[in-house]
Amino acid sequence: MSTNAPRNLKPATLLVHGGTTRSPFGEMSEALFLTQSFAYPTMEAAEARFKGDDPGFIYSRFSNPTVAMFENRMCLLEGAEAARATASGMAAVTAAILAQLKAGDHVVAARALFGSCLYVVEDLLPRFGVASTLVDGADLSQWKAAIRPETKLFFLESPTNPGLEVYDVAAIADLAHNAGARLVVDNVFATPLLQKPLALGADVVVYSATKHIDGQGRCLGGVILSTQALIEESIHNFLRQTGPAISPFNAWVMLKGLETLPLRVGQQAASAARIADFLAEQKGVTKVLYPFRKDHPQAELARRQMSGGGTLVSFFLESKAAAFKLANALQVIKISNNLGDAKSLITHPATTTHQRLTPEARATLGITDGMLRLSVGLEDADDLIDDLAAGLAA
């Protein structure tokens, strides 16, 4: 296999060419290696492979040539030394957290997390003897006050789901490192194009590649990125032994998605900014959240650590009934719990992604019954605005 590893290229170029390996056939599209296992020329070669003396492939649960291309391309984009792909975003989150912890350890996490992430922190970790403390992610004093001698991990997402809060990744990373802990950042809302958590001091970055990386509603996937040492020390063996491997086909789809990521995210973010401004002027809309709007609570921080406002807009109506009427009246925008898709999607967090939380917990996170989360797709922005206008009129 020959390796094409361009250097000193811009992200758009890396996402077309970076990390590609080619067989002797010289195929232009990345090869799809749909295989469970691999043959060895001799028993000695098999022994060397399993001992680690030969770096070749053994079994697709451990690694696979197509998966490796996806991991290598993500490393080039993220500026990471190593990556491991997983079957879903939640597999990436769970592995990134569990692989670094043992009974008796303690985790500090931002309270504003996706519902499944909250489950991992609040319900799953205690079963294995790992305690956790939830804090207001925007309040650095709360992060500092929550630290214990046994604290080993900080965890956050920024911007958050669905409130689009933005947290100071560099400052939180400093607090973690001063305590001898590591910071894991879920960067899915920002995308690897608009925010670089590793450059800001984070130790591990996780993605649901299902979202913008595929970005076309086709398949699931996740990825964990960090230093080579941390991946080899904790992540790789955990994934190898527990088996949340991404399929080679899904990894191939992700490679194809990465080729168009800058074009898609650029247009989606531009449309999202326009739509946020439109919604802010509409009667019946009580509040709009978009990280790059001047009225966003962390607008200055967002512009300091992000290169774009993202593809998500959250906005508020007066009631659940009003939110349902608007969403049900939409013709172009579809009702779904997904995000980062080529199609624009609208979600009612209180009854879907965050419905397992108590009303009090939702209120703490700013999730009201009138809140809607809009994931802006690739449709013409004028058509989306017209669709929302019709929905508001309903």
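The loop between β6 (151–157) and α7 (169–178) holds P159. P162 and L164 lie in that loop too. Helices and strands here are DSSP runs (helices H or I, at least four residues; strands E, at least two), numbered from the N terminus. This is a predicted model: local features need pLDDT of at least 70, side-chain atom pairs count only at pLDDT 80 or more, and totals for chains, interfaces and linings use all residues. Residues are numbered from 1 along each chain as its sequence is written, and side-chain values use heavy atoms, with hydrogens and water left out.

**Backbone geometry**

- Most residues other than glycine have a negative phi, and most peptide bonds are trans.
- S158 to P159 is a cis peptide bond, with omega near -5 degrees.
- N161 and P162 are also joined by a cis peptide bond, and omega is about 5 degrees.
- L164 is not a glycine, yet its phi is positive, at about 55 degrees.
- L164 counts as buried because its relative accessibility is 2%; buried means under 20% relative accessible area, exposed over 50%, partly exposed in between (1.4 Å probe, protein chains only).
- T191, in helix α8 (residues 191–194), is not a glycine either and has a positive phi of about 65 degrees.
- T191 has 1% relative accessibility, so it counts as buried.

**Helix α13 against helix α17**

- Two packed helices are described by the angle between their axes and the distance between the axes.
- The axes of α13 (residues 261–280) and α17 (residues 381–393) come within 10 Å and cross at roughly 30 degrees.
- α13 is therefore roughly parallel to α17; angles under 35 degrees count as roughly parallel, over 145 as roughly antiparallel, 65 to 115 as roughly perpendicular and the rest as oblique.
- Axes are lines fitted to C-alpha atoms, for helices over the stretch in contact, and angles run from 0 to 180 degrees between N-to-C directions.
- From α13, the contact (heavy atoms within 4.5 Å) is made by S271, R274, I275, F278 and L279.
- From α17, the residues in contact include L384, I385, L388 and L392.

**Five-stranded sheet**

- Five strands form an open sheet with mixed pairing, in the order β10-β11-β14-β13-β12.
- β10 (287–289) and β12 (334–335) are at the edges with a single partner strand each, so one side of each has no neighbour in the sheet.
- Strands pair if DSSP finds at least two bridges between them.
- β12 pairs with β13 (residues 345–347) in the parallel sense, over two bridges.
- Opposite K334 stands L345 in β13.
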